[in-house]
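Hi,

Here is the structure I promised to pass on. Have a look at it first, and my notes follow below.

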Amino acid sequence: MQEILTNLGIKKQNSGAFCGEWLETKGKEIESISPINGELLAKVSQAEKQDFETVITEAEKAFKIWRMIPAPKRGEIVRQIGLELRKHKDDLGKLVTLEMGKILSEGLGEVQEMIDIADFAVGLSRQLYGKTMHSERPIHRMYEQWHPLGTIGIISSFNFPVAVWAWNAFIAAVCGDAMIWKPSSKTPLTGIAVTNIVQKVMEKNGMPKAVFSLVIGRGSTIGESLINDRRVSLVSATGSCRMGYRIGEVVGKRLGSCILELGGNNAIIAMEDTNMELALKAILFGAVGTAGQRCTSTRRVLIHEKIYDNLVSKLKSAYSTINIGNPLDSDVLMGPLIDKSAVALYEDALQKIQKQGGKIICGSETLSGKNYESGCYVQPTLIEAKAELPIIQDETFAPILYLIKIQNIDEAIEIHNDVPQGLSSAIFTNNLIYAEKFLSHFGSDCGIANVNIGTSGAEIGGAFGGEKETGGGREAGSDAWKAYMRRQTNTINWGKEMPLAQGVEFDV
Ligand code: NAD
């Protein structure tokens with residue numbers, strides 16, 4: 001463990017703010033404790049209000065330099081950051097596992113996602129296209145162009161402690177923005193490690209290091225400073241719906257922009273012709289992967305009555321084989337939850353489920369004893385449920401899966417959409433009509449809708465995000481970059497007349 005921390009520049013005691021250099025922060029200490037075994041990894045002194053002021057001042061200065069660098073050259077810097085991440089993939093992936101608790105292949109996968117989005121952003125740096133239009137006025141030219149936006153805030157959740165930042169940061173960087181990252185205070189060390197990696201590249205190239213700034217502190221303190229500050233043109237925030245409501249309100253009040261990536265309540269519909277082998281794999285990864293702590297985790301499976309008993313019995317036996325333990329061990333599929341408060345939420349949800357009439361099919365224990373001393377390990381749980389259970393409307397951030405019987409595609413889609421969130425969704429079928437209906441405008445109401453693929457594990461090439469309480473934001477691929485730039489429409493008169501649009505006459 002110590003070797004990994006040293007390789008990534010993590011000290012026993014770390015500063016909680018970076019803006020070209022590490023500041024001497026004096027805020028309350030955060031202890032980063034590994035949920036694997038309760039071991040202290042390192043400490044961080046949180047940033048305070050005055051630190052935030054220094055950080056934003058430096059980020060603003062950096063923006064003025066960075067926006068003058070041509071976009072493809074900014075892309076070249078991101079390319080080098082991608083190379084540096086490749087060198088550190090092993091250590092950083094392990095640190096993600098140590099600090100957050102996801103299994104190592106997922107920790108490494110998260111770093112791979114950073115590398116992939118870096119590659120995407122490099123190409124994008126030469127494709128920040130605007131459109132040209134034909135002007136209605138003679139000898140006029142009309143077009144639109146995209147300019148850097150300014151200093152942006154990136155607020156990230158604990159469950160993807162490094163990838164979420166990269167989805168935003170690499171796109172924002174090629175777009176010419178400077179950024180201030182506020183990671184979750186549950187995973188501060190991964191934020192420090194990434195900042196160390198990036199700064200090496202900035203320094204080597206003589207670039208302003210405050211382009212990639214960092215502040216560590218609680219949402220209610222340093223997070224509030226960031227969202228309330230008018231100098232932050234865009235706040236891209238990933239986290240719970242509760243947090244999204246607060247950020248939407250504060251940033252909306254000052255007419256700033258937001259990208260909100262909030263909670264999910266994702267369902268898989270398994271129709272009567274489901275390919276069981278595919279569905280089983282997708283459901284297991286979706287519900288048990290990352291211990292049910294992904295925004296895209298599968299929370300509900302809506303199963304056609306003709307295959308209900310068969311699929312439930314297959315799931316039950318698969319659940320009994322899941323190895324729960326140290327996520328660094330290669331034969332373990334499920335590690336711990338992030339902390340004991342997450343375990344308390346899991347236990348509380350199970351009580352509510354039973355009170356409301358849900359039936360536990362398997363797995364409802366919080367594990368204790370040897371290998372589970374941290375108190376953060378729980379069993380993945382299968383629940384037989386009716387769609388009307390009030391708790392189904394909530395996202396419990398734990399491996400609890402509701403199994404609901406359905407009779408036909410229309411009922412399935414209705415139940416599917418009857419939750420406040422709208423992130424990811426899937427259907428398993430080979431029936432063209434079912435699949436097309438699910439993908440149609442009266443089908444799934446989610447930002448992501450898949451056929452014969454689970455809800456979890458999106459690729460970076462598409463725009464990622466969801467509807468309804470999930471917040472409506474889009475990140476990563478496709479044209480998500482447009483949110484990180486400001487659009488300008490330009491009309492140029494290169495003639496000798498001054499005609500007005502819409503034929504208006506105004507001659508003096
Ligand atoms: P959280 O809402 O507790 O915290 C997320 C971040 O918001 C943290 O950095 C936190 O400090 C910050 N924050 C909280 N209140 C704030 C405030 N008033 N001002 C500024 N910042 C504030 O979420 P979490 O427990 O870290 O993450 C889990 C949640 O994130 C789940 O709901 C999950 O579905 C969601 N999530 C969504 C996506 C997505 O892309 N849609 C991706 C990952 C996670």
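Glycine 219 puts a backbone N or O atom 3.4 Å from a nitrogen atom of the ligand, a polar contact in the sense of two N or O atoms within 3.5 Å. Phenylalanine 158 also uses a backbone N or O atom, 3.1 Å from a ligand oxygen. With glutamate 395 the side chain does the work: one of its N or O atoms is 2.6 Å from an oxygen of the ligand. The protein covers 89% of the 850 Å² of accessible area that the ligand has on its own (Shrake-Rupley method, 1.4 Å probe).

Before you go further: this is a predicted model, where local features need pLDDT of at least 70 and side-chain atom pairs 80 or more, while totals for chains, interfaces and linings use all residues. Residues are numbered from 1 along each chain as its sequence is written, and side-chain values use heavy atoms, leaving out hydrogens and water.

Around the ligand there are 27 residues, counted when a heavy atom lies within 4 Å of it. Ser156, Lys182, Glu224, Ser240 and Glu395 come nearest. Helix 7 (219-228) gives the most to this shell, four residues (helices are DSSP runs of H or I, at least four residues; strands are E, at least two).

Elsewhere, seven strands make an open, mixed sheet in the order 14-15-16-13-12-18-19, with pairing needing at least two DSSP bridges. Strands 14 and 19 each have a single partner, so one side of each lacks a neighbour in the sheet. Strands 12 and 18 pair in parallel over four bridges, and alanine 267 has serine 425 as its bridge partner.

Cheers

Technical notes
A polar contact is a pair of N or O atoms within 3.5 Å; within protein, one must be able to donate a hydrogen and the other to accept it, and residues adjacent in sequence count only if both atoms are side-chain atoms.
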